[in-house]
Amino acid sequence: MVAAPGENMRINGDRLWDALMDMAKIGPGIAGGNNRQTLTDADAEGRSLFKTWCENAGLKIGVDKMGTMFATRAGADPNALPVYVGSHLDTQPTGGKYDGVLGVLSALEVVRTMNDLGIKTKHPIVVTNWTNEEGARFAPAMLASGVFAGMHSLDYAYGRKDPEGKTFGEELKRIGWLGDEEVGARKMHAYFEYHIEQGPILEAEDKTIGVVTHCQGLWWLEFTLTGKEAHTGSTPMNMRVNAGLAMSRIIEMVQGVAMENQPGAVGGVGQVFFSPNSRNVLPGKVVFTVDIRTPDKEKLDRMRAKIEAEAPVICDALGVGCSVEAIGHFAPVTFDPKLVTAVRNAAEKLGYSHMNIISGAGHDACWAAKVAPATMVMCPCVGGLSHNEAEEISKEWATAGADVLFHAVLETAEIVA
């Protein structure tokens with residue numbers, strides 16, 4: 001017999017909030033947030049705490065060769081595929097306490113609440129912590145879920161280097177979280193991910209729940225510009241080969257391309273490396289990454305083509321060398337309509353205000369959607385601020401989204417009497 005969860009069934013918001021605050025003690029930032037970058041000692045410590053919590057909840061831990069953690073609560077039907085629920089514990093160098101972490105610990109709270117209420121489901125539930133979602137230390141982002149979905153090879157992932165030249169594979173071994181499971185061998189009945197919005201729309205519209213219908217496509221284009229190192233004070237303006245100037249003109253061009261493709265398109269640069277990075281030396285080399293996004297595939301490809309065509313023209317005019325490499329990409333994603341409806345129905349049943357929303361950021365759910373039905377739940381964040389130590393949400397927002405997640409997961413995993 002299959003039963004539907006009643007609207008009086010809620011997660012323990014205080015316990016969820018306490019878990020968030022306890023995890024935030026690991027890898028603290030300098031301004032109230034977190035620096036728990038992937039495969040660092042702080043990441044290892046956070047993983048160990050999460051493992052302890054999962055084991056205390058009666059979950060069986062598995063780890064794959066990308067270090068992704070899977071904590072399983074058995075289902076009543078041994079042949080039923082699991083419902084996966086999760087996100088990531090790694091952060092940006094100056095990250096907040098909620099980006100990714102909210103999704104992982106809310107997934108754990110779903111299981112803890114099921115234990116409290118004695119709920120059994122036909123399908124197993126798997127709480128998931130994906131490795132290297134952020135891509136801050138090892139590009140590209142969503143690396144482990146990308147390997148899981150067959151978008152990257154394991155060798156490619158192991159060979160990715162951080163700014164110090166350390167490889168992903170070496171660091172995964174060093175921190176002791178190299179698992180033995182083949183990546184992607186697991187099969188999913190469905191995948192849910194709960195996340196802060198990372199944008200201002202829900203707060204501005206005074207909505208508590210974001211029902212995520214799509215995720216924007218993305219290209220990360222890494223430019224390497226080669227100029228000539230020269231003294232900034234003694235080199236005449238007309239004799240400079242200024243890679244920094246070329247970069248600034250490319251950034252302005254990217255802004256124009258994004259504006260030409262409104263509505264629903266964005267573009268910008270968030271990472272720049274100057275060499276030699278001295279106050280009085282023109283850079284001989286500049287490396288920076290252009291980030292363009294839109295939910296429209298044709299528009300996304302058109303933007304990339306125009307940027308890659310115009311950048312060399314800009315550089316040629318200044319005598320600067322230009323090369324570009326696509327280091328990150330995913331196509332726009334349409335999430336599973338049945339799961340989207342489950343999220344919307346849960347919000348309505350629980351009385352939470354809600355609206356459809358398109359995720360402006362990439363998430364592991366984007367790759368999971370390649371191999372299984374998937375969707376996301378979102379809650380607001382103050383001022384839309386994320387990837388910033390000042391990132392903030394309220395306990396009420398966190399609890400509401402976790403309640404919706406709880407009900408949508410139970411509907412999908414099928415309660416058994």
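1. Asp206 is found in the loop between helix H7 (201-204) and strand S8 (209-215); helices (H or I, at least four residues) and strands (E, at least two) are DSSP runs, numbered from the N terminus. Although Asp206 is not a glycine, its phi is positive, at about 55°. Asp206 is exposed, with a relative accessible area of 64%. Here exposed means over 50% relative accessible area, buried under 20%, and partly exposed in between, with a 1.4 Å probe and protein chains only.

2. Some notes on the basis of these values. This is a predicted model, in which local features need pLDDT of at least 70 and side-chain atom pairs count only at pLDDT 80 or more, while totals for chains, interfaces and linings use all residues. Residues are numbered from 1 along each chain as its sequence is written, and side-chain values use heavy atoms, with hydrogens and water left out.

3. Asn277 also has a positive phi, near 60°, and is a residue other than glycine. The loop that holds Asn277 runs between S11 and strand S12 (281-282). At 59% relative accessibility, Asn277 counts as exposed. Most residues other than glycine have a negative phi, and most peptide bonds are trans.

4. Two cis peptide bonds deserve a check against the model. One joins Ala139 and Pro140, with omega about 5°; Pro140 sits in the loop between strand S6 (125-129) and H4. Another runs from Gln262 to Pro263, with omega near 0°, and Pro263 lies in the loop between H8 and S11.

5. Ser145 belongs to helix H4 (residues 143-148). Ser145 is buried, with a relative accessible area of 2%. Leaving out residues up to four places away in sequence, Ser145 touches Trp130, Asp364 and Trp367, where contact means heavy atoms within 4.5 Å. Its side chain makes a polar contact with the side chain of Asp364 at 2.6 Å, and the side chain of Ser145 also reaches the backbone oxygen of Met142 at 3.3 Å. A polar contact is a pair of N or O atoms within 3.5 Å; within protein, one must be able to donate a hydrogen and the other to accept it, and residues adjacent in sequence count only if both atoms are side-chain atoms. Ser145 and Leu102 are 43 residues apart in sequence, and their C-alpha atoms are 18 Å apart in space.

6. Helix H8 has 18 residues, and from its first C-alpha to its last it reaches 26 Å, close to the 26 Å expected at 1.5 Å a residue. The expected span is 1.5 Å times one less than the number of residues. At the start of H8, a side-chain oxygen of Asn242 comes to within 2.9 Å of the backbone nitrogen of Gly244. The buried residues of H8 include Ala243, Gly244, Ala246, Met247 and Ile250, and also Met253, Val254, Val257 and Ala258. Their cover includes S9, S11, S13 and H9.

7. Helix H9 (residues 297-318) has 22 residues, which should span 32 Å at 1.5 Å a residue; its end C-alpha atoms are 33 Å apart, which agrees. Its buried residues are Lys299, Leu300, Met303, Ile307, Ala311, Ile314, Cys315 and Leu318. Seen down the axis of H9, these fall within an arc of 110°, so they line one face of the helix; the arc is that of the directions from the helix axis to the C-beta atoms. The face turned away from the buried side carries the exposed residues Glu298, Val313 and Asp316.

8. The cover over the buried residues of H9 includes strand S9 (217-226), helix H8 (243-260), strand S11 (266-275), strand S13 (285-294) and strand S14 (321-330). At the start of H9, a side-chain oxygen of Asp296 reaches to within 3.0 Å of the backbone nitrogen of Glu298. Just after H9, Gly319 takes a positive phi of about 75°.

9. As for the whole chain, the protein has 12 helices and 18 strands. With 417 residues, a compact globule would have a radius of gyration near 22 Å, and the protein has 22 Å, which agrees; this radius is taken over C-alpha atoms, and the globule rule is 2.2 Å times the number of residues to the power 0.38. The C-alpha trace spans about 80 × 45 × 40 Å along its principal axes. Of the 417 residues, 56% count as buried. Among contacts between residues at least 6 apart in sequence, 80% join residues at least 24 apart.
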